[in-house]
Amino acid sequence: MSSGDREPGSPWDNVKEEPTCSGENSKHESAICSGSTEIKSCAVVKYSAAPPPTSYALLQEKTDLKLPPANWLRENPQLGSAGTTVLGSSSKSKPFSSFGMAYEFIDCIGDDVDVVSDSENIKKLLKIPYSKSHVSMAVHRVGRTLLLDDLDIQELFMKSSQTGDWTWLKEFYQRLIDEKWQRKKKSKEHWYQRAILSKFLYYSINGDGAAEPVPDNLNEGEVENEAEEFSSTWPTSFTSTPSEAEESDTAKQESVSLDSNFALGQVTAVLKEQNLPTLFNEGENSQGLRNDFVRNIMWTFEDIHMLVGSNMPIFGGGRYPAVSLRLRDNNKPINILTGIDYWLDNLMCNVPELVMCFHVNGIVQKYEMIKTEDIPHLENSNFSTRVVKDIAQNILSFLKSNCTKEGHTYWLFKASGSDIVKLYDLTTLCEEAEEGKCQNPFTLPVAVLLYRVASNLMLKARQNRKHYGTVRTLLLNCVKLLDQERHPQITASAHYMLSELFQLDEPPEEGGESLRAGGSEDSYSDEDREEDEEAELTEDSDENGSYSNCSNPQDDSKAVAVIRSVRELSVPEKYKSTHQIRPSGAFPVSQDKEERCRHVLSYVLKGLKAVDGSIKKESDLPAADPNTPIPLKYEDRNAIGACASEKGISLLLETAGPVQGDQKHLTRSGMIPGSWQHHMKLQLFLKASKAYFVLSDAATNLLKYGRALRYIKLSLQCYDAYCSVSGTQHSQVLQFHSQCLSLCGDIQLMLAQNANNRAAYLEEYSYQTKEDQEILHSLNRESSCQAFNMAADLSMDPEYQLFVSSKCYEAAYELLISEALKDQESDQLAQLLRRLGNIRNEMGVYYMNQAAAMQTEKEVKKSVSVAEQEMWKKSFSYFEKGMKDFEAIRDSTNSALLLCNTGRLMRICAQAHCAVSGDQSRGEFSPEEALYYNKAIDYYLRAIRSLANRANHPLVWDSVNWELSTTYFTLATLLQDYAPLSRKAQEQIEREVTEAMMKSLKYCDLQTESARQPLYQYRAATIHHRLASMYHSCFRNQVGDEHLRKQHRSLAELHYSKAVCLFLSLKDAPCELLRTLLERVAFAEFTMAGQSSSGAKLKSLTGALEIMTESRHAFQLIHNELEEEEEQVEPSEPQAADSAQSPDVATGPTSGLNLQEVMKLIGVFEPSFSFLLLQLIKLMTTLKRKPSNKDEELLKTYKNVYSKLLRAEKNAPLLSRVSVYKDLLQQLTPQTGSDDTGTPS
């Protein structure tokens, strides 16, 4: 009886769960001794529907039990269900009695318990070697637990003519076992004995001993007929004769409804943690599967753990806390069968004593009290308890070794009068029968039990994954047993639980090892059959069997196993069984995420098919062919642009939001909200959505963005279908949906950034498996699945992809800050804000590049176009939003990068505002340019402040530093080259140029070794060169203020010397070095022009020649490069890369050798060199003082060099000319001693 069937508050509705052990005396010790041999027995009452034991009424001698007491047949709690029918208990053994107990104590099934059965079946099995009576039982295996049920062949065959369920078994039985089978009726003596037993029990609880006349309308014949009608059987525990004890098992059983819904009341989803819906209503259509026993006991007999059901009334009170009552005919002594019966009953129910009432022809004679441990030693009923123990162990081992297939129905059969016990696999026999005859009424109860055990284990599996293999095997066997059309609910639920076994959010175990918890679908273990042995015939019983004792040997081929003689069961350890469960199989755990997800989706699809098949309303649905692919179309939006799609994408935020309110109308497919189909579809849709999400994430990691987009679209379509059938959404579901939208944003962003692989992505996106098509068709039964098409369609326009990506992130962000999720942990929110900042940076950069492209494409420099301004505004807007996102999560590094990009945008704006004169030449540096360059500088300085110091993020720091230096340098260069003289004075411009140059120099990091170090050196050299040139020009043009001129001269010399040092260190800027040296020589020549004395002039000329001599390094570098080109060696690669981020001016050394520039510089070098030599020769030859030997040598050298210079071929190849200059300069080097320095003294 299930807890739902018991009326709450009734006095006997109490539950006990305390261990009590039977023993030698009333102290309930754990062991019962039989001679020198100890039998261990322990009983724990799991449930009791009876009130605490009360004293029994001691009947007076000569009480006539043929007369009914006044309370006869009235329901009484003391007798439990004994009063519910005319002649005793209504809870006679039914074919599903063990299932009722198993359902109620589901925790015990599978591992902890060996046997679940009615106590009558246990006793019948343990008496097999002593009895010639027939045995017929159904055996089922669940894990290591065996369920035993009485299989009343007579009753089944009587029913088969009405239902047709067991026709095939009747034919098999008649053909192989008993060709002359016929129904045998109970004798009048049988019903007479039942009647006086019933009256005796009612007298015992009545207490007054008064006999009342039998009602006029009830005579003995009517009692018998009524007994036949109710088909009730009194448990053998209370029988008065051995004959009755044996015959009781062959009585009729109640009709059991085998309708497809009869077990639904027992199937309750226990996986509350997994949101598995409650599938079935308790207590409905559960007739035949209820636990109707007065008490359920966990009985441990030696090492065998049994869950048994018992209806034996127990009395107590006074000095006898618990006794059982028995009625015996004084003329018939107790035999072994009856003794074993009484002994086992008392052991199972933990009753230490037995009270026997003796009668003669229904007249009470006397009472006798017997201790339980003394029962095996009674006269005429002497038996060995050790032998009974051996019988129990052998039978259990025999059944466990041969009942190996989960879900199969086995039939243990022994014909009356036969010593042979046979075990048949009825499921296999049923499958072999002709179609239409193979109906097995046990199929559904077994499937339901497998399902419930699996459900229970799923809870444990959360803590211990070793149960996964067991759960999978149970569920696969459950599904194999069920007809999906007749039992869609259990089928769908089982498939959902199978999908739950594959944990998508957990990494597989290291090494990909399987979980050795179980595996193959239905097999456990097989043991070699025991050899047949001859055994002596056992003691016969005094009961007349109702079955023929003939048994043809031909049926052995159909039997799974055979016990040749019941005597074998008495031999200790004759049968041995291995208790390994599923040793050869394993739960499939794959390292491959896609494989795990495919398993999940296959189970989800089967579950959806089961649910869809159960929904009747199909006429309203459009016809859909599962074999026709549903196209995942893409749109080319190059012509449309993102703005035209605003309307469609704006729906994304609405769709992503939480759904409110309960759904009360039918769904699109005709499902009723709140029905099991509704609950199951919700779970299956959500599971499919999660599986596709994991597949999409895995594809993204593999850079398969087309495949990833297809999977995330399917995930969003599953979610759309979920929303269409769900009234409300839990916070976990909304959080998951936020993750889906976020991943969709990631994929669209990656597609935009990898536009060169579009063809491959389109091919990946268009591919679709048959499984995906079928799932999509199931989704379309509930929803059009169009809500998220804008988010997950494959576009060929990068701008649109970036736009969709940002909208996905925005929708995900709106979800996370919604009322439903605002209290959740902020980890996901921080990640999403970082993604939002990133996509806004990407979009800002995109529009910035578009603006730059517009600028370069313009043929003629015109005023700034409206389109350009629109691009600037969009870019600036996205950069500002991105900065806010990063600031919200205090991400200073990314904030600095966005500030840096905004600075770059300002520089692009500055370039667009450059003034153009009438002849299309570059005009003066405009105020708009200055404004935007200063804005750029402000953003770079903010970026520097955001980073605080280089240690926080060296790469970003260096990048910002470089950009800031570049901006100052560009500003100074433009001010210097295109001076706004119409607006500012020359002196003011020079001050501004100097200030900007010095700030640029300040941010040139010459000390830190990095890839940019040569660039910094080149820029610093260029800055010094430009400043030196500016001061040189000021010195030449300055008139009047001698102090200022000296200052300019000093500054010019300082910067020239620094520039030369830096260019010399670069080794790859010969033209720049040569130009700087030539300018410096010119500066020296100009200085000399203002000198009058010969000594001063000679000194100046000598100094100028020393500077000129330093150009030997530049000519050496030029010579090397020209040689390499002439030898047709591969052109040299640039030693330092140009700035990738500076669109303003070239700030790095040239790539390769600019021949035109070399020729131009040689054109300046040659006359300057010639002039210096000539002036030196003239000055030295006209000196008044007598020349020293050193002077003469110098003069001779100068003349020699000058002579060669004049004779040099002007039209000779460039390489030859450079070689000549190099050699001439080399001749001057030892004399001047200026080989190592370029700095004047």
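The following legends describe close-up views of a predicted model.

Local features are reported where pLDDT is at least 70, side-chain atom pairs count only at pLDDT 80 or more, and totals for chains, interfaces and linings use all residues of this predicted model. Residues are numbered from 1 along each chain as its sequence is written, and side-chain values use heavy atoms, with hydrogens and water left out.

View 1. Helix α20 spans residues 758-766, and its buried residues are Tyr761, Leu762, Glu764 and Tyr765. Helices (H or I, at least four residues) and strands (E, at least two) are DSSP runs, numbered from the N terminus. Buried means under 20% relative accessible area, exposed over 50%, and partly exposed in between (1.4 Å probe, protein chains only). Seen down the axis of α20, the buried residues fall within an arc of 165°, so they line one face of the helix. The arc is that of the directions from the helix axis to the C-beta atoms. Ala759 and Glu763, on the other side of α20, are exposed.

View 2. With strand β8 (residues 304-310), β7 pairs in the antiparallel sense over seven bridges; two strands pair if DSSP finds at least two bridges between them. Arg295 stands opposite Ser310 in β8. Two residues lie between the strands of the hairpin, where Glu302 takes a positive phi near 60°, although Glu302 is not a glycine.

**View 3. Two aromatic pairs.** Rings of Phe, Tyr and Trp (its six-membered ring) pair if their centres lie within 6.5 Å; planes under 30 degrees apart count as stacked, over 60 as edge-to-face and the rest as tilted. By this rule the count comes to 28 aromatic pairs. The ring centres of Trp411 and Tyr424 are 5.6 Å apart and the planes stand at 35°, so this pair is tilted. The pair links distant parts of the chain, 13 residues apart: Trp411 belongs to strand β15 (residues 410-414) and Tyr424 to strand β16 (residues 421-425). Both Trp411 and Tyr424 are buried. Tyr1018 and Phe1063 form an edge-to-face pair, with 6.1 Å centre to centre and 70° between the planes. Tyr1018 lies in helix α30 (residues 1013-1037) and Phe1063 in helix α31 (residues 1042-1066), so the pair ties together parts that are 45 residues apart in sequence.

**View 4. Charges over rings.** A charge sits over a ring if NZ of Lys or CZ of Arg is within 6 Å of the ring centre and within 35 degrees of the ring normal. Arg710 lies over the face of Tyr711, at 4.8 Å from the ring centre. The charged end of Arg1036 sits over the ring of Phe1086, 5.3 Å from its centre.

View 5. Lys1222 lies in helix α37 (residues 1214-1232) and, at 14% relative accessibility, counts as buried. Leaving aside residues up to four places away in sequence, Lys1222 touches Arg1112, Phe1115, Gln1116 and His1119; contact means heavy atoms within 4.5 Å. Cys785 is in the loop between α21 (770-780) and α22 (789-792). Cys785 also counts as buried, at 2% relative accessibility, and its phi is near 60°, a positive value in a residue other than glycine.
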